[in-house]
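Me: I would like to learn how to read some features of a protein model. Please take them one at a time.

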Amino acid sequence: MEVIIAPDRHKAALLVARIVAKELRADPRLVLGLATGRTMERVYACLVDLHRGEGLDFSVCSTFNLDEYIGIPADHPCSYRRYMDEHLFAQVNVAPGRTHLPDGMAPDLGAECRRYESLIQAAGGIGLQLLGIGSDGHIGFNEPLSALRSRTREKALTPSTLEQNAPMFGGDPAAVPRRAITMGVGTILDSRRCLMLVTGESKAAILAKAVEGPITSMVTASALQLHPRCQVVVDEEAAAHLQ
Ligand code: F6R
């Protein structure tokens with residue numbers, strides 16, 4: 001695991017966007033794994049700038065998002081599909097049919113999870129996976145005690161995640177869906193390259209656990225220590241607790 005410390009959150013996000021752009025230019029058919037959340041908004045803004053300013057081409061890449069809430073439709077203002085449309089898909093030239101998120105309204109959620117894993121396989125696996133970290137150490141929605149070999153499945157969200165995501169739901173944790181479909185830790189570790197972005201002092205303590213602590217299912221981001229090609233880009237605030 002390589003940790004890269006950028007001076008601030010803007011430069012950290014720009015660096016992540018530039019790494020994505022370099023991979024995409026080297027392989028226009030790249031299969032990109034995507035994350036949502038407030039940290040990623042800056043990355044997507046930089047990628048949109050690179051598309052508009054430098055002609056970064058998304059036309060033949062494919063994307064797979066890590067997760068989606070269960071029980072809200074794709075056109076709900078807080079769905080991750082809406083987030084992706086707003087922050088990236090509608091602003092670049094990605095082909096809509098090549099963008100994938102789990103369907104949190106599927107009548108058979110188990111079948112939907114299996115279908116999602118098969119789609120990733122059929123696309124040749126994920127080439128570059130973007131990640132953020134939750135306040136409880138999750139990647140995707142792999143909450144504490146997720147098996148490190150887990151695959152795409154349903155997951156109940158912890159009170160700390162409901163709290164973390166409440167601002168997107170009018171500030172009320174009770175309004176956040178209780179369950180989500182998420183790629184598993186094992187699914188994420190199968191990606192050929194992982195790139196995690198962590199910014200802000202509120203993430204400093206959990207980042208130190210993930211990067212320097214024991215590999216444990218209590219902090220699923222710590223599983224990235226097992227990955228042969230994982231970079232973690234952080235700003236100075238998030239790096240504050242690193243040794
Ligand atoms: C969401 C996801 C989550 C977030 C994490 C951090 O798709 O993968 O693991 O990356 O919860 O979210 P923010 O950036 O909002 O703190």
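Me: What radius of gyration would a compact globule with 243 residues have, and what does the protein have?

Reply: This is a predicted model. A compact globule with 243 residues would have a radius of gyration near 18 Å, and the protein has 17 Å, so the two agree. The C-alpha trace spans about 45 × 40 × 35 Å along its principal axes.

Me: How many helices and strands are in the protein?

Reply: The protein has seven helices and 10 strands. Among contacts between residues at least 6 apart in sequence, 79% join residues at least 24 apart.

Me: What share of the residues counts as buried?

Reply: Of the 243 residues, 44% count as buried. The largest nonpolar core holds 64 residues, and Val16, Val43 and Met196 have the most contacts inside it. Helix H1, residues 9-26, gives the most to this core, with six residues.

Me: Which residues does valine 43 touch, not counting those up to four places away in sequence?

Reply: Valine 43 touches Ala13, Val16, Ala17, Leu130 and Leu197.

Me: How should I read the two faces of a strand?

Reply: In a regular strand, side chains alternate between the two faces of the sheet. Strand E9, residues 194-198, has five of its five residues buried. On one side of E9 are Cys194, Met196 and Val198, and on the other are Leu195 and Leu197; both faces are covered.

Me: Which strand pairs with E9 over three bridges, and which is joined to E9 by five?

Reply: Strand E6, residues 128-131, pairs with E9 in the parallel sense over three bridges. Glutamine 129 stands opposite cysteine 194 of E9. Strand E10, residues 230-235, also runs parallel to E9 and is joined to E9 by five bridges. The bridge partner of methionine 196 in E10 is valine 232.

Me: Why does alanine 106 count as partly exposed?

Reply: A residue needs 20 or more C-beta neighbours within 10 Å to be buried, and 12 or fewer to be exposed. Alanine 106 has 16 inside 10 Å, so alanine 106 counts as partly exposed. Alanine 106 lies in the loop between strand E5 (99-100) and helix H4 (109-122). Apart from neighbours within four places in sequence, alanine 106 is in contact with Ala111 and Glu112.

Me: How many residues surround the ligand, and which are the closest?

Reply: The ligand is surrounded by 13 residues, of which the closest are Thr36, Gly37, Thr39, Gly132 and Gly134. The shell around the ligand divides into four nonpolar, seven polar and two charged residues.

Technical notes
Residues are numbered from 1 along each chain as its sequence is written. This is a predicted model: local features need pLDDT of at least 70, side-chain atom pairs count only at pLDDT 80 or more; totals for chains, interfaces and linings use all residues. A nonpolar core is a set of buried Ala, Val, Leu, Ile, Met, Phe, Trp, Tyr and Cys residues joined through C-beta atoms within 7 Å. Helices (H or I, at least four residues) and strands (E, at least two) are DSSP runs, numbered from the N terminus. Two residues are in contact if their C-beta atoms, placed from the backbone, lie within 7 Å. The radius of gyration is taken over C-alpha atoms; the globule rule is 2.2 Å times the number of residues to the power 0.38. A residue is near a molecule or strand if its C-beta atom, placed from the backbone, lies within 6 Å of it. Ala, Val, Leu, Ile, Met, Phe, Trp, Tyr, Cys and Pro count as nonpolar, Asp, Glu, Lys and Arg as charged, and the others, Gly among them, as polar. Two strands pair if DSSP finds at least two bridges between them.
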